[in-house]
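Open the model in your viewer and keep the sequence panel beside it. We'll go from stop to stop, selecting something new each time.

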Amino acid sequence: TPMIASVNGPALGGGTGFVAMCHIAIASEKAILGLTELRLGLVPFVILPLVRRAIGDRKTLELMLSANTLTAEEALEIDLVHQVVPHEELEKETLTLAKTISSYSPLATKLALDAFFSTENIDLHKSFDILSTLRTISFQSEDLKEGASAFLEKRKPNFTGK
């Protein structure tokens, strides 16, 4: 299931880890993010790999050691969030995105996430093997048949996730 973060204010420490863990993150202009644990004598052990995966090694190291906070715009610049919207539009924008994604085939959405994460850190040629298998599953699905029929019949598809 795709996870979407909707950040409406401070998301510090574990909150930043949660944002990094989500597949898509939308922040209000009032959002504040950061790895502030060192200020308390802590280390962000649990969330470190999530943040590193989201923004990379050097930026994670800088955030962790400086314990600085980021504005929503600064978080956008380093790809910690994907979009910044006016505070009063955050809920609407997040729900619109969630409704859009949920209107797609549940099977295709699951396969898309599987394809992305299963090919993340492997050899290019090996990734083609994995993707070929996932493609075969997709091509045999009822959802693909329904999606193609709906397209040809100019109607909205009724996906079943099979």
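Before we click anything, here's a term for later: a salt bridge is a side-chain nitrogen of Lys or Arg within 4 Å of a carboxyl oxygen of Asp or Glu. Keep in mind that this is a predicted model, where local features need pLDDT of at least 70 and side-chain atom pairs count only at pLDDT 80 or more, while totals for chains, interfaces and linings use all residues. Residues are numbered from 1 along each chain as its sequence is written, and side-chain values use heavy atoms, with hydrogens and water left out.

**Stop 1: a salt-bridge network**

Select Glu 146, Glu 153 and Arg 155: salt bridges link these residues in a network. Zoom in on Glu 153 and Arg 155, whose closest N and O atoms are 2.6 Å apart. Is Arg 155 buried, partly exposed or exposed? Arg 155 is partly exposed, with a relative accessible area of 35%. As for the words, buried means under 20% relative accessible area, exposed means over 50%, and partly exposed is in between (1.4 Å probe, protein chains only).

**Stop 2: the whole chain**

Zoom out and show the cartoon. The chain has eight helices and six strands. These are DSSP runs numbered from the N terminus: helices are H or I with at least four residues, strands are E with at least two. Follow the cartoon along the sequence and you'll read β-β-α-β-β-α-α-β-α-β-α-α-α-α. Along its principal axes, the C-alpha trace spans about 55 × 40 × 20 Å. Of the 162 residues, 31% are buried.

**Stop 3: the sheet**

Now select strands E1, E3 and E6. They form an open sheet in the order E1-E3-E6, with parallel pairing. Two strands count as paired if DSSP finds at least two bridges between them. At the edges sit E1 (4-7) and E6 (83-85), each pairing on one side only. Neighbouring strands here are turned by 20° against each other on average, direction ignored. That angle is taken between axes, which are lines fitted to C-alpha atoms (for helices over the stretch in contact), and angles run from 0 to 180 degrees between N-to-C directions.

Next, colour strand E3, residues 24-28. How many bridges pair E3 with E6? There are three, in the parallel sense. On the other pairing, E1 and E3 are joined in the parallel sense over four bridges. Over in E6, Gln 83 is the bridge partner of Ile 26, and Val 84 is the bridge partner of Ala 27. In a regular strand the side chains alternate between the two faces of the sheet. Four of the five residues of E3 are buried, so this strand is largely enclosed by the rest of the structure.

**Stop 4**

H5 lies across E1, E3 and E6, running at about 160° to E3.

Then move on to Thr 109, which sits in helix H6 (residues 106-118). Is Thr 109 buried or exposed? Thr 109 counts as buried, at 15% relative accessibility. Show its neighbours too: leaving out residues up to four places away in sequence, Thr 109 touches Pro 2, Ile 101 and Tyr 104. Touching here is a contact, meaning heavy atoms within 4.5 Å.

**Stop 5**

Select Lys 59 and Glu 62, whose side chains meet at 2.7 Å, N to O. Both lie in helix H3 (residues 57-66), three residues apart, about one turn of the helix. Lys 59 is partly exposed at 29% relative accessible area, and Glu 62 is partly exposed at 44%.

Then pick Asp 57 and Arg 52, which form a salt bridge at 2.8 Å, N to O. Asp 57 counts as partly exposed at 47% relative accessibility, as does Arg 52 at 45%.

Finish on Val 46, in the loop between strand E4 (32-34) and helix H2 (48-55). Val 46 is exposed, with a relative accessible area of 70%.
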